[in-house]
Amino acid sequence: MAAAADPRLIVPLDVPTADEARAAVERIGEAVSFYKVGLELFATDGMALARELKAAGKQVFLDWKLHDIPTTVERAAAALSGSGCDFLTVHGEPQVMAAAVRGRGRSGLKVLAVTVLTSLADADLKEMGYAETARALVERRIHQAIAAGCDGVIASPHEAALARALGGSDFLVVTPGVRPDWAAKNDQARAATPLAALRSGASHIVCGRPITAANDPHEAALRVVAEMAQAG
Ligand code: C5P
């Protein structure tokens, strides 16, 4: 089966070492052009790996979820903007988002807001002092992300349509929790298929274990790419 990589497919490298990440990228091959480097790799040699992936012609999503005082976030985003990486996540508080947007300046680094962590239920938010439900807070923070100049948000497949409607056609809506019908759900309780996620407004999908844990990750990635092609 021959098919080009779909730049809307992002595969997370959720492994502890750069060597394991390199091995995963090698096994997936040309079927994927966009990788997410998260906190687990950040704790070892994530930035070195990110630069290596960029040098190999890949796109790189730095899922660092920055959250600090504005000066620190601005400086961190400015430093990361020099890496040539493509996406950076920050927590969806107005000060944090605006600082990251200032920091990345005119670079190509896109700032994506994490609105509300999906691990937080309404009861958790209440305990933290929020009067709103998770859904209402997500909506508020999408509005605030747009006002802060963010390029997009991280959204579950169930919030993708809302984010697309509020953000308009150029807004990035990056959706984890994606599972093809043929894959195990793992711990993704409310997963959507790649096609459903794209049809509900996602600009990019994050799909990990169905590809990385497959017997043949290259073939699994091509299956996901083929399903995505049906969305046009
Ligand atoms: O393997 P899987 O497709 O479940 O990986 C999903 C990736 O997206 C992981 O890196 C995970 O940390 C991230 N993520 C998620 N759910 C969210 C936010 C991020 O699964 N709500």
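Reader: What is the volume of the largest pocket, and what makes it a pocket?
Author: In this predicted model, the largest pocket has a volume of about 1,200 Å³, the space filled by probe spheres set on grid points joined across faces, edges and corners. It is called a pocket because its points, on a 1 Å grid over the protein atoms alone, form an open set with protein on both sides within 12 Å along at least five of seven lines.

Reader: What makes a residue part of the lining?
Author: A lining residue has an atom within 4 Å of a point.

Reader: Which residues are closest to the centre of the second largest pocket?
Author: That pocket, of about 170 Å³, has 14 lining residues, with His91, Glu93, Leu120, Met128 and Arg141 closest to the centre.

Reader: Why is a set of residues called a nonpolar core?
Author: Because it consists of buried (under 20% relative accessible area, 1.4 Å probe, protein chains only) Ala, Val, Leu, Ile, Met, Phe, Trp, Tyr and Cys residues joined through side-chain atoms within 4.5 Å. The largest has 65 residues, and Leu9, Leu13, Ile205 and Ile211 have the most contacts inside it. A second, separate core has ten residues, including Phe61 and Val206.

Reader: How do you know what Ile211 touches?
Author: Contact means heavy atoms within 4.5 Å. Leaving out residues up to four places away in sequence, Ile211 touches Leu9, Val11, Ile28, Pro217, Ala220, Ala221 and Val224.

Reader: What do the values rest on?
Author: Local features need pLDDT of at least 70 and side-chain atom pairs 80 or more, while totals for chains, interfaces and linings use all residues. Residues are numbered from 1 along each chain as its sequence is written, and side-chain values use heavy atoms, without hydrogens and water.

Note on methods:
Buried means under 20% relative accessible area, exposed over 50%, partly exposed in between (1.4 Å probe, protein chains only). On a 1 Å grid over the protein atoms alone, a cavity is a set of points where a 1.4 Å probe fits but cannot get out, and a pocket is an open set with protein on both sides within 12 Å along at least five of seven lines; lining residues have an atom within 4 Å of a point.
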